[in-house]
Amino acid sequence: MNKNTAALPAYPYVLWMALFVVAPIILIVVYAFTNSAGGVTLGNFSAMLSYAGVFGRSLRIALTATVICFVIGYPVAYYLSKAGPVISRISVALIMLPMWINFLLRTYAWMSILENTGLINQALRAIGVFSAVNGVNGFLNGVFGLDLKTNIEFFRMINTSGAVVLGMVYNYLPFMILPIHSVIIKIDQSVVEAALDLGASPAKVFSKVIFPLSLPGVISGITMVFVPSISTFIISKLLGGGTSLLLGDLIEMQFLGNAYNPHLGSAISLVMMVIVVLCMTVMSRFGEGEDRAVIM
């Protein structure tokens, strides 16, 4: 077969990458280093200093959501890898089931659950939680002279940072569980059995064999959760109510909001891309030696 003929099928993919990946990045770089008059400037980056709090909040919330997803996701993935094939298949299907529903609809559903008149507050009111809290507060006010509220009718859950983190964990948790699960089930059980035969305790087998060998899945899961968490804007807009402005919201404001400034928006997008690439590079360093795990 002619070499040129064999290479032909790659051309459409190269064209696709050039049009929809490389070209947009070039446009972002050009806009980031220019102003509305077309002149080259670094003013867009210096203007970002006023949004340092947004950068810090985005990193904090994204890291919090990623840590929670890992703490929940790894035990679930490990349990599924040890469960029987039927239970494992059913459980994986249930984990993937919410992903078949539109992302926006899932987030709207959480709004109806968390709002002041939502399902959680209605359930708490029905079982008398608010009456009990008001009674306790009234007693403490009378005994200790405090000024606690005695007319609580709901717990404020919507439009908070906690609601944003909850939305991220709910939407991105499958992206943590599935990669870890797919790696753990491929671990050679003879290696685990050899470690047990050599006298290693179950805890040591996990820390010295299973966890190091599962690092590729952990790294993939952390990356797949952290990247969308730091760049999301729908979750923070709907569940945060504008009280938890994140990088995604800030970029959207520069392109679609009243503060239209595509040059500043491009500069913020470029910095966010650099942050994501750096985080992915750092995470990949942890997995370089996972295939050389030893029994100690």
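Guide: Before we start, buried means under 20% relative accessible area, exposed over 50% and partly exposed in between, with a 1.4 Å probe and protein chains only. The model is predicted, so local features need pLDDT of at least 70 and side-chain atom pairs count only at pLDDT 80 or more, while totals for chains, interfaces and linings use all residues. Side-chain values use heavy atoms, without hydrogens or water, and residues are numbered from 1 along each chain as its sequence is written.

Visitor: OK, what share of the 296 residues in the protein chain is buried?

Guide: Take the under 20% cut-off for buried. Of the 296 residues in the protein chain, the buried part is 34%.

Visitor: How many helices are there in the protein chain?

Guide: Helices here are DSSP runs (H or I, at least four residues), strands are E runs of at least two, and both are numbered from the N terminus. The protein chain has 0 strands, and its helices number 15.

Visitor: And what is the radius of gyration of the protein chain?

Guide: It's taken over C-alpha atoms, and the globule rule is 2.2 Å times the number of residues to the power 0.38. For 296 residues that rule gives 19 Å; the chain is well over that, so it is more spread out than a compact globule, with a radius of gyration of 25 Å. Along the principal axes, the C-alpha atoms fill a box of roughly 90 × 70 × 35 Å. So the radius of gyration you asked for is 25 Å.

Visitor: Which residues are buried in α11?

Guide: Helix α11 covers residues 202-213. Its buried residues pack against α4 (52-82), α10 (189-197) and α12 (215-231), where contact means heavy atoms within 4.5 Å. Those buried residues are Val205, Val209, Ile210 and Pro212.

Visitor: How far apart in space are Ile210 and Tyr78?

Guide: Ile210 is in helix α11 and is buried, at a relative accessible area of 4%. Leaving aside neighbours within four places in sequence, Ile210 contacts Tyr74, Tyr78, Ile187, Val192 and Val205. Ile210 and Tyr78 are 132 residues apart in sequence, yet C-alpha to C-alpha their distance is 9.6 Å.

Visitor: Is Thr232 buried or exposed?

Guide: Thr232 sits in the loop between α12 and α13 (234-240). Not counting residues up to four places away in sequence, Thr232 touches Met168, Tyr172, Leu246, Gly248 and Asp249. With a relative accessible area of 7%, Thr232 is buried.

Key
The expected span of a helix is 1.5 Å times one less than its number of residues.
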